[in-house]
Structures are given as C-alpha cells and as structure tokens.
Amino acid sequence: MISPDNSGEDNLTPIQRANPAQKSSARNYLNAIEDIESDYGAYDLQLSQHLFSLGEEYQNLGEHEEAIEVFTRAMHVQRINLGLYDMGQVPILENLIESQIALGEWESANERYQYLYWLHRRNYGSDDPRLLPIINKLSNWHLNAYALNISGGLFYHLINAHNLYQIAADIVSNTYGKNDLRMIDPLKGLTASNYFLATYQIENQNKLSVANGSMPAKEDERARLQQYIMNSYNSGRSAINRMVTVYSNNPDAPPASELQAQVALGDWYLLFGKWHSAVEIYQNTYRKLAANDEHKPLLDTLFHQPVPLPDLPLIDMGKKSTINTEHFVLAKFDVSAYGRATHIDIIDAFPEDNSRMQSRVRKALKQAKFRPRFNNGEAVDTEDITHRYLFSDEKP
C-alpha cells in the first residue's frame with residue numbers, strides 16, 4: 001500500500017512518485033517481469049521487452065538512474081539470447097544513451113555511441129546507406145561534445161565528427177547522387193567541423209595540454225590535427241559551395257534554399273575577415289530576396305537584425321546541463337556595419353560583484369562577429385542591442 005503522505009517524498013521510489021496511470025503501467029511491467037523470472041528464469045528472452053518498457057516508464061518519470069539499470073539488464077538479456085551482433089539492441093542502446101546524457105555521464109554515453117556505430121558497421125558494412133542515421137547521431141554527438149566541452153578528449157571528438165560527416169557525404173553521393181538533398185546534413189556538419197578546426201588553437205590556447213585531451217598525445221596525431229587545421233578554411237568553403245550546387249541542381253529543393261546557402265557562404269567569408277567578399281554576397285542575395293514578395297519573411301530573418309556568427313543550429317545547448325539561469329550578465333552594445341560589437345556596456349549582472357563573468361562577456365563581444373543588419377541592400381550600424389548571457393556552474 002503506497003502512503004499518500006508526502007513528508008518523506010525524497011525517499012519514495014520512482015513508482016511511488018508517479019501518477020496513477022504511470023503506477024499502473026509500471027506495476028504491470030514489474031509483475032510481468034517477476035512472473036517470467038519465476039516461470040522461465042532470469043535470462044528468458046521475453047524479459048528484454050518488458051525491461052525495455054519499464055525503462056521507458058522510468059525515463060518518462062525523469063528517473064534516469066533506474067532507467068539505466070533496467071536498460072542495461074534488458075540489453076544483457078538480449079545479447080545472451082540473440083548474440084553480440086543482434087540489431088534488436090539498437091533501441092535499448094539509444095534509450096540508454098539518452099538517460100546517460102540526461103545525467104551528464106558523458107564518457108559512458110560516448111562509449112555506448114561507439115558501440116552503437118560498431119554494431120551497425122558489423123551488420124551492414126562500412127558504406128551501406130543504412131549507416132546514415134547512426135552516423136548522423138554519432139557525428140552530431142561528437143560535434144556537440146567538442147563545442148560544449150562536455151567530455152574529455154576534445155581533439156578526438158572534433159576529428160571524429162569531421163571524419164564521420166565526410167563518410168556520410170561519400171555514402172550519399174555514391175548511393176543517391178552528388179546533388180541529392182541528403183547531402184545537405186553532412187555538408188552542414190563539415191562546415192561546422194571545419195569552423196571549429198580553423199579556430200581550434202585559438203579556442204584552446206589557454207588549455208593546450210595532453211592531459212586534458214585538448215591536444216593529441218602522439219606526434220603523428222598532432223601533425224594530423226595541424227593538417228586538418230591548415231585545410232579547414234578551404235574545406236569549409238568547399239562544403240558550403242557544394243550546398244549551393246545541390247540546391248541549385250535539385251528541383252525538389254525548398255524555395256530560396258540556394259539563396260540561404262549563399263548567405264552561409266557570406267558568413268564564412270565574414271568569419272575569416274573577408275568583409276568585402278561577404279558583403280558582396282549579402283547584397284546580391286538581399287536583392288534577389290527583395291524582388292520576390294514571397295521571400296519577405298526570409299529577408300527579415302536573414303537581414304532585419306544582426307545575427308551572431310557562427311550560426312550553428314547543429315549545436316544543442318540543452319546538452320550543457322550545468323547552465324545556471326540565476327547567474328547572468330546583461331550587456332548592451334552596438335553592432336557596426338562591419339559586423340563588430342562596439343560601445344559595450346554591462347547594464348546588469350548577478351552576482352553583481354562577479355567581475356570575472358563581466359570580463360568574459362566583454363572579451364567575448366570584442367572578439368565576436370555578426371552578420372550586420374541590412375537596410376535597402378546596404379550594411380548599416382545597429383544600436384542598443386541587449387543580450388542576456390548565462391553561465392555554467394563549472395569553474396573555467
């Protein structure tokens with residue numbers, strides 16, 4: 001009998017904290033598991049599905065430690081009955097990874113992702129298009145792990161992401177054709193990874209050490225990283241140009257997608273100090289969008305206000321679980337027609353006396369680049385932009 005008294009709520013089990021429907025569902029799975037264990041033993045194949053469903057119930061309750069325990073057992077039962085290479089493990093693994101990420105268990109999640117990729121390659125080979133979904137998940141995981149610094153071995157995450165995006169692009173090109181729209185996602189990934197490669201030494205100049213994984217330990221790996229860095233600007237530009245080509249040659253491409261890719265090319269030039277080349281592209285794109293009334297919403301989105309660069313939708317800030325919304329700096333600044341923040345002013349902060357946070361925001365804004373606002377096809381200054389910057393609980 002579950003007591004309705006909430007005074008000891010912290011000591012209640014996940015099932016005790018659940019609503020009536022969740023309690024009923026979870027109890028049904030628990031009862032079924034007990035019956036199967038009693039009748040057929042602890043490793044009967046029927047247990048796997050019931051354990052998996054119970055794990056999903058725990059996930060829905062936010063009880064990820066319990067979910068991990070149940071998913072791990074479900075996978076063990078699955079492998080005992082159907083073997084190490086059984087693809088029936090895939091949904092269990094994916095849910096297991098989800099709970100590990102929710103708990104910030106980055107290294108464990110990384111190991112599971114690697115096993116998931118190995119499992120697909122073991123069953124399908126190295127160039128089968130059925131690999132594309134897992135390559136997409138794994139490459140995005142590596143890119144986010146690097147960009148958000150949520151896992152050790154930064155060098156390895158960045159290189160792995162880059163290589164996986166290239167593998168995906170090659171599979172799509174060889175299977176479906178070089179102008180297939182499935183090329184876009186890996187090309188976006190290659191653009192992002194090349195940007196991070198180009199800025200790698202700058203981003204890690206205060207933490208370049210073998211110990212924390214910012215730099216590879218072996219000389220040949222450091223040389224390989226340096227080669228990636230040297231090629232990054234041209235490789236990133238090439239990836240964007242390929243996106244433009246795909247959109248322009250595919251009749252099923254979304255409206256104005258080619259023009260959006262052109263803007264991304266302009267952003268690339270601006271990020272690397274080529275302002276005149278960037279503005280020329282921006283102006284050309286602006287004129288084409290303005291000539292079509294149907295493109296007015298897109299015109300406003302791209303050029304109505306400054307856009308911070310790089311614009312990387314692949315990065316999921318939700319994975320950075322240590323963000324503290326109570327610690328912030330509110331800054332006001334202008335953005336010039338050249339895409340630079342000027343007249344930076346800190347107008348509010350909490351804690352008020354945390355000069356380190358305020359200094360970090362000032363420094364970041366001085367280094368930042370923006371796609372400038374355009375008015376009648378011309379880049380113009382924008383005044384009095386305010387932005388609230390949140391900070392992690394972690395020490396820098």
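**Helix α7.** I began with helix α7, residues 132-147, in this predicted model. Its 16 residues reach 22 Å from first C-alpha to last, close to the 22 Å expected at 1.5 Å a residue. I then checked how much of α7 is covered, and found 12 of its 16 residues buried. The buried set runs Leu132, Ile134, Ile135, Leu138, Ser139, Asn140, Trp141, His142, Leu143, Asn144, Ala145 and Tyr146. Just after α7, I noted a positive phi of about 50 degrees at Asn149.

**Helix α9.** At 1.5 Å a residue its 15 residues should span 21 Å, and the end C-alpha atoms are 21 Å apart, so the two values agree. I count α9 as largely enclosed by the rest of the structure, because 12 of its 15 residues are buried. Among the buried residues of α9 are Ile184, Pro186, Leu187, Gly189 and Leu190. The run from Thr191 through Ala192, Ser193, Asn194, Tyr195, Phe196 and Leu197 is buried as well.

**Overall counts.** I listed 15 helices and seven strands in the protein. Of the 396 residues, 45% are buried. I also looked up contacts between residues at least 6 apart in sequence: 67% of them join residues at least 24 apart.

In soluble globular proteins, nonpolar side chains tend to be buried together. Here I found the largest nonpolar core to have 92 residues, and those with the most contacts inside it are Trp141, Tyr282, Leu289 and Phe303. Helix α8, residues 154-176, gives the most to this core, with 11 residues. Apart from this core lies another, of 14 residues, which includes Ile344, Ala349, Met357 and Phe370. Trp141 is also one of the buried residues of α7. For Leu289 I looked up the contacts, leaving aside neighbours within four places in sequence. Leu289 is in contact with Ala256, Leu259, His295, Leu298, Leu299, Leu302 and Phe303.

**Second largest pocket.** I recorded a volume of about 570 Å³ for the second largest pocket. Its lining has 25 residues, and Lys188, Gln260, Ala264, Asp311 and Pro313 lie nearest the centre. The most comes from α12, with eight residues. I sorted the lining of this pocket by type: 17 residues are nonpolar, four polar and four charged.

I looked at Asn95, which lies in helix α5, residues 90-102. Is Asn95 buried or exposed? Asn95 counts as buried because its relative accessibility is 13%, and the cut-off for buried is under 20%. Not counting residues up to four places away in sequence, Asn95 touches Phe52, Glu56, Gln59 and Phe71. Gln100 is also placed in helix α5. Gln100 has a relative accessibility of 5% and therefore counts as buried. With the sequence neighbours up to four places away left out, Gln100 touches Ile68, Glu105, Ser108, Ala109 and Arg112.

**Cis peptide bonds.** Most residues other than glycine have a negative phi, and most peptide bonds are trans. I looked for exceptions of both kinds. The peptide bond from Leu309 to Pro310 is cis, with omega near 0 degrees. Pro310 lies in the loop between β1 and β2, the latter being residues 323-335. I noted another cis bond joining Phe350 and Pro351, where omega is about -5 degrees. Pro351 is in the loop between β3 (341-350) and α15 (355-367).

**Positive phi in strands.** His343 has a phi near 50 degrees, a positive value in a residue other than glycine. I placed His343 in strand β3. His343 counts as exposed because its relative accessibility is 64%, and the cut-off for exposed is over 50%. Asp384, not a glycine either, has a positive phi of about 55 degrees. I placed Asp384 in strand β7, residues 382-392.

Conventions:
Residues numbered from 1 in each chain as written. Predicted model: local features only at pLDDT ≥ 70, side-chain atom pairs only at ≥ 80, totals over all residues. Heavy atoms only, no water. Core = buried A, V, L, I, M, F, W, Y, C linked by side-chain atoms within 4.5 Å. Buried < 20%, exposed > 50% of the residue type's maximum accessible area, 1.4 Å probe, protein only. Helix = DSSP H or I, 4+ residues; strand = E, 2+ residues; numbered from the N terminus. Contact = heavy atoms within 4.5 Å. 1 Å grid on protein atoms, 1.4 Å probe; cavity = no way out; pocket = protein on both sides within 12 Å on 5 of 7 lines; lining within 4 Å. Points joined across faces, edges and corners; volume = space filled by probe spheres on them. Nonpolar A, V, L, I, M, F, W, Y, C, P; charged D, E, K, R; others polar. Expected span 1.5 Å × (residues − 1).
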